[in-house]
Amino acid sequence: MATTLQLVAEEGYNSTSMQRIADEMGMSKAGILHHFSSRDALMLEVLRRRSGLVTSEVAAIEDPIEAAVDVTANNARQPGLAALSAVVTALSAADLEDSDRRGYIDGRYRRLRQSFTEAFRRAQDDGEVVSTVEPEVLAALLVAVMEGMQLQWLLDPDLTMSEHVRAFLTLTQRPESED
């Protein structure tokens, strides 16, 4: 799986064929398809693995809100995986019925919103973040900014995702006059 993750990171989602993966792993396409029912299933597993790696890196950062900036900066260093995430997310939204893909993406968003909600709630309790917006709303907006900036960056790499996420977080800070 590490080989596939690296290929997608380096070559991109569209350029990484099943044959290329099989060649790099010293397997046949049939051998890969024995373990994964389709290219989509393989790419979903790549995304799961990537998310696991990112989660372990983010866990080292105490503040999940600050981790959002680091995650977007990391995504900019791995455009192939950022594009994979965007593609799988879009395809999951098009799934009319429950699917592994839709379940994974829905769960990922729920976990992100929950983590950010708790962090925003603590920051509000500490007087660091505006109290006029519910923490659940701030969390959903942060996820939307992260995902939206990633899509924009994939189309226009001159944008800096992490700067825009940081700017959004600045807007959530409690003004001095709110004391």
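How many helices and how many strands are there in the chain? The chain holds nine helices and zero strands, where helices (H or I, at least four residues) and strands (E, at least two) are DSSP runs numbered from the N terminus. Read along the sequence, the pattern is accordingly α-α-α-α-α-α-α-α-α. The model is predicted: local features need pLDDT of at least 70, side-chain atom pairs count only at pLDDT 80 or more, and totals for chains, interfaces and linings use all residues. Residues are numbered from 1 along each chain as its sequence is written, and side-chain values use heavy atoms, with hydrogens and water left out.

The overall dimensions come next. Along its principal axes, the C-alpha trace of the chain spans about 65 × 35 × 30 Å. Of the 179 residues, 40% count as buried; buried means under 20% relative accessible area, exposed over 50%, and partly exposed in between (1.4 Å probe, protein chains only). The chain exposes about 10,100 Å², of which carbon and sulfur atoms supply 51%; accessible areas come from the Shrake-Rupley method with a 1.4 Å probe, and for residues only the protein chains shown count as cover. Among the contacts (heavy atoms within 4.5 Å) with a separation of 6 or more, 60% come from residues 24 or more positions apart.

Gly12 follows H1 and has a positive phi, near 95°.

Helix H4 (39-59) takes part in two of the pairings described here. A salt bridge is a side-chain nitrogen of Lys or Arg within 4 Å of a carboxyl oxygen of Asp or Glu, and by this rule the count comes to 10 salt bridges. In one of them, the side chains of Asp40 and Arg101 meet at 3.5 Å, N to O. This pair links distant parts of the chain, with Asp40 in helix H4 and Arg101 in helix H7 (residues 100-125), 61 residues apart. Asp40 counts as partly exposed at 38% relative accessibility, whereas Arg101 is buried at 19%.

Arg49 is partly exposed, with a relative accessible area of 43%, while Glu45 is buried, with 18%.

Helix H7 also holds a pair four residues apart, about one turn of the helix, namely Arg110 and Asp106. Their salt bridge has its closest N and O atoms 2.9 Å apart, and Asp106 is partly exposed at 34%. Elsewhere, salt bridges that share partners join Glu11, Arg20 and Glu24 into one network.

Which residues gather in a patch of negative charge on the surface? They are Glu62, Asp63, Asp125, Asp126 and Glu128. Patches are made of residues with over 30% relative accessible area and no salt bridge, like charges being joined within 9 Å and nonpolar side chains (Val, Leu, Ile, Met, Phe, Trp, Tyr) within 5 Å. Asp63 sits in the loop between helix H4 and helix H5 (64-76), and is partly exposed at 35% relative accessible area.

Across the chain, the mean positions of the 17 positive and 29 negative charges are 6 Å apart. Here Lys and Arg count as positive and Asp and Glu as negative, without His and the chain ends; the place of a charge is taken as NZ of Lys, CZ of Arg, CG of Asp or CD of Glu.
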